[in-house]
Amino acid sequence: MTDASAALYEARDEAYPNEGVGIVTVDCIVYPLINQARSATRFVVNEKLVHEAQQELIGQGHIPVTFYHTHPASPPSPSARDELWLQEHPNQVMMIVGKTGIAGWVHTDRLHSLGKISKG
Ligand SMILES: [Zn+2]
């Protein structure tokens, strides 16, 4: 089974000390995007560059399915800003690569954890 976790930790470390953000494909390709905020506590991505990256991946035969962002100095738990985004985008999965592991989150009727892989 292919596992994206090693590539996600690598992307987190390459973006350090800032937050990293990027795309993950069905076949576990991790495609980092530029965090235009250049911040350790938030990220901003250009929609046009996101679209271009997705088209590039599709052109190479990959299927982009989700995004990740990193928390370089904190656990993979949603920040206040992340929780607001999740509330505003019900049923959308958020993947966070934190200092201590990788976790998925979704807001349906309330915030739910989709599980966590602790960094071993
Ligand atoms: Zn976050």
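**Strand β4 and its neighbours**

Modeller: Five bridges connect β4 with strand β5 (residues 101-107), and the two run antiparallel. This is a predicted model, in which local features need pLDDT of at least 70 and side-chain atom pairs count only at pLDDT 80 or more, while totals for chains, interfaces and linings use all residues. Residues are numbered from 1 along each chain as its sequence is written. Strands (E, at least two residues) and helices (H or I, at least four) are DSSP runs, numbered from the N terminus; two strands pair if DSSP finds at least two bridges between them.

With two residues between them, β4 and β5 form a hairpin. Within this pairing, valine 97 has isoleucine 102 of β5 as its bridge partner.

Strand β4 itself spans residues 94-98, and four of its five residues are buried (20 or more other C-beta atoms within 10 Å of a residue's own; 12 or fewer is exposed, in between is partly exposed, with C-beta atoms placed from the backbone).

β4 also pairs with strand β3 (residues 64-71), through four bridges and in parallel. Here tyrosine 68 has methionine 95 of β4 as its bridge partner. Between β3 and β4 the chain passes through helix α3 (residues 80-88), a right-handed β-α-β crossover: with the strands pointing away from the viewer, the path from the first strand over the helix to the second runs clockwise.

In the loop between α3 and β4 lies asparagine 91. Its phi is near 70 degrees, a positive value in a residue other than glycine. Asparagine 91 counts as exposed because it has 8 C-beta neighbours inside 10 Å.
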